[in-house]
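Read the following with the chain open beside you.

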Amino acid sequence: MEIEEDEERRRQRKLEEALEVKSLRRIISAYLNYPEAAEEDVRRYEKSFKKLPPAHKALLPHYPSKFQNLRRCISLNSYFIFTMLQAFEPPLDMSQDVDGCKDPYLENFEHGHCHSEERNASSCQSASTSGRMCCSNHAEACSQEKSNIMSNPTTEEVKSEQQHEPIFGSGAGEVENNNEIAECCSNDVADSNGNAFSSPHDWLDPSLQLNVPLVDVDKVRCIIRNIVRDWAAEGEKERNQCYKPILEELDAQFPNRSKESPPACLVPGAGLGRLALEISCLGFISQGNEFSYYMMICSSFILNHTETTGQWTIYPWIHSNCNSLSDNDQLRPVSVPDIHPASAGITEGFSMCGGDFVEVYNDSSQIGKVTGASYSMYISTSCFVADNDPLGVWDAVVTCFFIDTAHNIIEYIEIISRILKEGGVWINFGPLLYHFADMYGQEDDMSIELSLEDVKKIAFHYGFELEKEQTIETTYTTNPRSMMQNHYHAAFWTMRKKRTTTT
């Protein structure tokens, strides 16, 4: 009997790993399909332009040059993407055969939110087996605008980027096939223990790539815009709206932090990692948790492989012609990152943990904090030193644009309460734009969409006391130069987990 159970567990683990490989291949394929999809957009623009009467064309003599400048920007974005993929270390054997695996999240992808926008801006659902979002619903701007224009280059500025030689693309902007891309990615890859799984040349091979819908490529565009929010000077305004109040509150809640025994703070839904890093720089043992491989691949690259500030130039706002004040706005470059993560003054113990928040933190055997970890990127289901303390181990939990990513927000609140120490604080910032609110068609679909009043009642039930509360107006990956602005009146609160009274 035990042998049969062991065999069933092995079979299940093998199936889960195969599904994860299939999911990861799909995400990598989306990144690799970015230049082709972007080029198709430019061809569509050109086709429409060619249909104009000659007299109307004569009024837009600069348009042919604009199309070529768009192609140059696409090529430079692609250079960043492929450099990022070259640095990525797959945590799984990407060469295994997964053709026989059926992933309901992939097969029913049409039921996922994707208004083609950023992480919390229109819910591009992740293709992972656990089904959480890569790009959540926040900032519906993208669904309506598809790219919030924030900054862009003139013709001269685009030409000045010649020092960034793209991996592919001719002067005319024609993207080459994936065989050329694979040839550019030929370095060996090993995990942190030196175990080689497969080289980039192997796992980027076109024969291993999947055909992905354009909505997947929209998630790549989403990531590019999120880079601006977290890692560019242009994103400072939004970071000041969202992150600064959180950081100030953490600083006030823990005024006498010890360097020898710093407080521990968990940041679920950490995205590209800037908030978790800033918390570490405040003197906390900070751990970011993120589910989306789209996010993790990019945050790992920025956190672990950045050599200097402004190392990369991207063009985040080129993918839509809507609501632009000028072509220069649409084509303006953005330099990233605005700080060098390794030189930012992080506290020992900073880490990023990959995995679904519920799965990783709901298991009591995994309730524990990372000790002595570097700021490397962990792409795994657990990053913990086991610590079965039933009272929790985290001094603080920070959720920013996160709690509405839940199928069941009550479960999120319950877990946050469980993992916090008695007297620990929960700082939350964000709206309630529930990511699964519009998902239909599957019998096991669930989306619990509570009002703010009910959310607070649930929190009180799980032992929280409200200490501070206010509403803060903010945006999400919004370009201040755009003609369309989407604003949130975000809930910002500090709650404390009550201490158990003893007789």
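Arg10 is partly exposed, at 43% relative accessibility; buried means under 20% relative accessible area, exposed over 50%, and partly exposed in between (1.4 Å probe, protein chains only). Glu7 is also partly exposed, with a relative accessible area of 43%. The side chains of Glu7 and Arg10 form a salt bridge, with 2.8 Å from N to O. A salt bridge here is a side-chain nitrogen of Lys or Arg within 4 Å of a carboxyl oxygen of Asp or Glu. Both residues belong to helix α1 (residues 2-32), where Glu7 and Arg10 are three residues apart, about one turn of the helix. Helices (H or I, at least four residues) and strands (E, at least two) are DSSP runs, numbered from the N terminus.

The model is predicted: local features need pLDDT of at least 70 and side-chain atom pairs count only at pLDDT 80 or more, while totals for chains, interfaces and linings use all residues. Residues are numbered from 1 along each chain as its sequence is written, and side-chain values use heavy atoms, with hydrogens and water left out.

How many salt bridges does the structure hold? There are 24 salt bridges. One of them joins the side chains of Arg43 and Glu39, at 3.3 Å from N to O. Arg43 and Glu39 are four residues apart in helix α2 (residues 34-50), so about one helical turn separates them. Glu39 is buried, at 1% relative accessibility, whereas Arg43 is partly exposed, at 33%.

Another salt bridge pairs Asp338 with Arg239, whose closest N and O atoms are 3.1 Å apart. This pair links distant parts of the chain, 99 residues apart: Asp338 is in the loop between β6 (334-336) and β7 (351-354), and Arg239 is in helix α11 (residues 236-253). Asp338 is partly exposed, at 26% relative accessibility, and Arg239 is buried, at 7%. Elsewhere, salt bridges with shared partners connect Glu39, Glu40, Arg43, Glu46 and Arg71 in one network.

Now to the nonpolar side chains. In soluble globular proteins, nonpolar side chains tend to be buried together. A nonpolar core is a set of buried Ala, Val, Leu, Ile, Met, Phe, Trp, Tyr and Cys residues joined through side-chain atoms within 4.5 Å. The largest such core has 83 residues, and Tyr31, Ile227 and Leu250 have the most contacts inside it. Helix α4 (residues 63-87) contributes the most to this core, with 10 residues. Apart from this core lies another, of 30 residues, including Phe357 and Trp394.
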